[in-house]
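Work through the exercises below with the sequence and coordinates at hand. Each task is followed by a worked solution.

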Amino acid sequence: MPQQVSTSETTKPFRKGLKSKLILSMVGVGTLPLLLAMGISYLQGTKSLQNVIGASFQALATETATKIDFMMKEEIKKSTRLASHPTLILTVRERYRQTSQLKEAGLKEQFRNQAEMWKSKDPTNNRLLDNSGSRILKSFLKRDPHSEESTHALFVTDAKGVLLSSANDYPDFFNGSKPFVSKTIGGGKGFVYIGPIMPISDSKDFGFHLAIPILNHGEQVMGILHRVYRAKSFFSSSIEQIIFGETGHVMLIDSEGVVIDCPILPTGFKLPDAELVASVTGPKASWARTQSDGHGGEELSIIGYSPLSETNISTQASSGMRWYTFAWQSSDEVFAPTQKLLIWVSAAGFISILLIAFFGSLASNKIVRPICQIQSTTARIGRGEEVELLDIRTGDEIESLANEINLMNSLLKKAFTGLEDQVEEKTKEVRSLQEYTESILMSVPDILVIFSVDLKTEHVNRAFEKLTGISAEEAQDKSLTSMKLEFKDQWQSVMMELKAYSNGMHEKSSKSAKVTLGNQGPRDPLAPKSAGPSWETKNVVNFGSRVFAFQFFDVAISVEKKRRIGLLMKEITEQKSLQDQLTMAEKLSGLGTLAAGIAHEMNNPLFSIMGLTETIIEEKDPNKIQTYSKKILEKSKHMASIILNMSGYSRSGEMDQMGGVNINERLDGSIEMALMASYSDDVVLEKNYSQLPLIKAKPEEIQQIYLNIIRNAVQAMDGKGKLIISSSQNNGRIVTTIEDTGPGIPQEYLSKVFDPFFTTKDQGKGTGLGLNIVHRLIDKYGGSISVESTVGKGTTFTITFPVEAPE
């Protein structure tokens with residue numbers, strides 16, 4: 001065993017420290033006084049120059065602000081004169097007369113027709129572009145070429161913001177909800193609206209909105225003259241012509257730092273430095289020293305600014321904004337004289353530093369060489385190489401460091417001796433854990449597939465191999481659609497769901513509105529409240545006679561930081577069969593009540609048919625015989641309709657075919673069957689149907705949904721009360737409501753009405769499965785159901801279906 005080297009034994013007394021050598025060399029040459037003198041000279045010169053430049057920039061910004069104020073004042077005068085034009089006043093007054101004579105319904109219809117014509121943008125069939133008012137507006141623009149070039153839109157609206165005349169097809173027909181209408185109307189006589197800088201629709205330009213009230217003889221606001229300016233085109237002649245030096249220019253911004261016009265920055269660009277914007281938007285003209293120039297530079301800048309005092313009266317009253325001129329020049333150009341001085345001083349300092357470096361290098365050789373030797377040795381130690389002991393004899397801290405490195409090297413050799421054995425042992429443990437995990441995944445009875453980020457398989461278990469007949473090796477790095485799988489269409493649909501999930505498009509309905517299908521599934525009362533949704537409510541795919549439910553999940557591995565997606569498929573063939581049997585059992589449980597009601601309902605037409613038949617036998621007059629025969633036919637059709645509804649309700653859902661279903665017809669059939677079973681004529685029925693598109697579903701399942709709910713409503717009212725049934729279409733969904741005036745459902749029961757086997761009826765009068773089946777059927781077609789109830793007033797069920805229900 002090698003003998004350890006003691007630090008105390010190898011360390012010799014220091015003759016002179018490294019720190020002392022460096023300090024004595026630097027102070028002896030005089031570097032510090034030189035740098036201090038250079039810095040003071042530069043700071044004094046820079047400060048004086050900044051004061052002169054700042055005052056000059058402030059004066060330039062103030063002069064430009066005065067010029068723009070005058071220009072804006074002239075534009076407002078011209079627009080005000082145009083707003084007082086007799087033709088425009090007559091146009092607004094005529095609209096006022098027309099609206100006062102028409103009723104609200106007629107007025108809305110007229111506006112709707114005009115709006116559709118305006119949206120068509122057909123100039124040959126659009127009076128708003130070719131009436132007396134629009135001709136005045138076009139003539140106004142032609143008289144002033146600059147105004148025509150810088151004006152994006154010029155139009156007139158009434159006091160409600162409805163378009164009356166326009167020089168072009170840019171503006172919207174309805175503008176009542178926009179701030180420039182309410183602000184201008186509220187401002188009254190003398191008010192001028194100047195809006196903020198906004199992007200112009202259907203254009204890459206930015207502009208601002210000028211609005212002037214149009215007054216009647218009584219000085220009341222009857223309409224508004226609107227003018228939308230292209231900001232850069234309007235201000236460029238006053239702003240972009242002011243250039244000084246190579247980079248100096250003036251720009252126009254608002255109080256939030258949005259560029260209105262600038263020779264360099266685009267209009268609409270917002271200065272990102274909020275501190276800069278605050279520094280150059282003060283109440284009075286001044287100049288500021290900032291660490292940002294607003295043009296992408298971060299160096300010290302001097303900026304002169306000035307508010308547009310007259311224009312800001314209108315902008316602040318309109319939008320709370322203020323406009324400012326902003327004079328700036330590149331720091332490189334501004335401080336060029338100071339920089340030249342700095343270059344000369346720096347050159348002298350550089351020569352002095354070279355001398356310091358020359359004499360310092362003579363002393364540094366004794367320091368640098370052993371340090372390089374130490375660095376090389378430590379690098380080799382880091383790579384695990386064998387190194388010899390360092391032999392450095394400088395008599396200072398470097399020699400002490402070399403001795404410490406020698407000691408560290410000897411200790412590392414001992415530590416690494418047993419490390420290889422530990423690494424080999426840990427490697428075996430990792431491999432064992434990997435094999436154990438693989439065994440668990442392969443043994444999972446349900447089908448499990450892991451996909452990579454490009455949706456190719458990384459792992460499949462034995463259940464997948466058994467279902468598809470494809471081994472894990474054959475499935476490796478292949479997508480579901482590239483494998484030779486049986487039932488290609490079904491696997492294609494699974495692949496489409498996988499892509500949607502991967503793209504973040506796989507969403508579960510999560511609306512929180514009362515007791516809604518979208519936010520909670522039917523729950524077994526005996527199951528814990530935290531139980532997740534059942535497999536029957538997930539995505540389902542059929543492989544022949546076998547039914548599988550499937551779902552996707554994210555697989556996160558923190559070490560690799562790559563996204564993987566898992567597919568879990570569970571066979572639910574037996575559960576699906578039991579669910580269908582449960583649905584049929586609920587149907588049959590109500591057949592007894594329905595049959596008794598139908599027998600009662602059919603007695604009257606049957607007796608009528610018998611009586612009319614006996615009359616026909618004895619009647620000789622052909623006309624009367626024909627009349628009696630028509631009545632017999634009507635009664636027979638009525639009985640046939642009753643029998644058809646009865647047979648359809650009792651038929652198994654497996655016999656039905658998917659097709660287009662008319663919701664209103666299914667509501668009528670359900671109402672007829674439910675009222676027949678009630679033995680009562682005291683139910684007042686109110687139907688409010690809208691014309692609806694068809695949905696794709698099984699007709700009898702849709703009728704079963706409505707029959708269960710309507711029958712419950714009739715039973716709850718005990719055959720006496722009012723039943724209101726409505727249908728409508730809203731945002732691509734069909735909405736039906738069923739409202740009764742029964743006793744209502746207590747609040748504590750509302751969250752349980754869709755649970756299986758939950759019922760408030762007496763024993764023997766209800767299975768507690770009706771609403772649970774309704775819940776499942778609605779979920780099947782992508783719909784939702786909610787219930788609202790007030791004790792003593794009644795209950796309302798709301799059911800929605802998508803217009804295009806899922807396959």
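**Exercise 1.** Does Lys 77 count as buried, partly exposed or exposed, and what is its relative accessibility?

Solution. This is a predicted model, in which local features need pLDDT of at least 70, side-chain atom pairs count only at pLDDT 80 or more, and totals for chains, interfaces and linings use all residues. Residues are numbered from 1 along each chain as its sequence is written, and side-chain values use heavy atoms, with hydrogens and water left out. Buried means under 20% relative accessible area, exposed over 50%, and partly exposed in between (1.4 Å probe, protein chains only). Lys 77 has 39% relative accessibility, so Lys 77 counts as partly exposed.

**Exercise 2.** Find the salt-bridge partner of Lys 77 and state how the two are placed in the helix.

Solution. A salt bridge is a side-chain nitrogen of Lys or Arg within 4 Å of a carboxyl oxygen of Asp or Glu. The partner is Glu 74, with the closest N and O atoms 3.9 Å apart. Both lie in helix H3 (residues 31-83), three residues apart, which means a separation of about one helical turn. Helices are DSSP runs (H or I, at least four residues), strands likewise (E, at least two), numbered from the N terminus. Glu 74 is partly exposed at 30% relative accessible area.

**Exercise 3.** Which parts of the chain does the salt bridge of Glu 75 and Arg 227 tie together?

Solution. First, the distance: the side chains of Glu 75 and Arg 227 meet at 3.1 Å, N to O. Next, the location: Glu 75 is in helix H3 and Arg 227 in strand S6 (residues 221-230), so the pair links parts 152 residues apart in sequence. Then, the accessibility: Glu 75 is buried at 7%, and Arg 227 is buried at 1%.

**Exercise 4.** At what angle do the axes of H4 and H5 cross, and which residues meet?

Solution. Axes are lines fitted to C-alpha atoms, for helices over the stretch in contact, and angles run from 0 to 180 degrees between N-to-C directions. The axes of H4 (residues 86-101) and H5 (residues 104-120) come within 9 Å and cross at roughly 135 degrees. Angles under 35 degrees count as roughly parallel, over 145 as roughly antiparallel, 65 to 115 as roughly perpendicular and the rest as oblique. H4 and H5 are therefore oblique to each other. Contact means heavy atoms within 4.5 Å. Arg 95, Gln 98 and Thr 99 of H4 meet Leu 107, Gln 110, Phe 111 and Gln 114 of H5.
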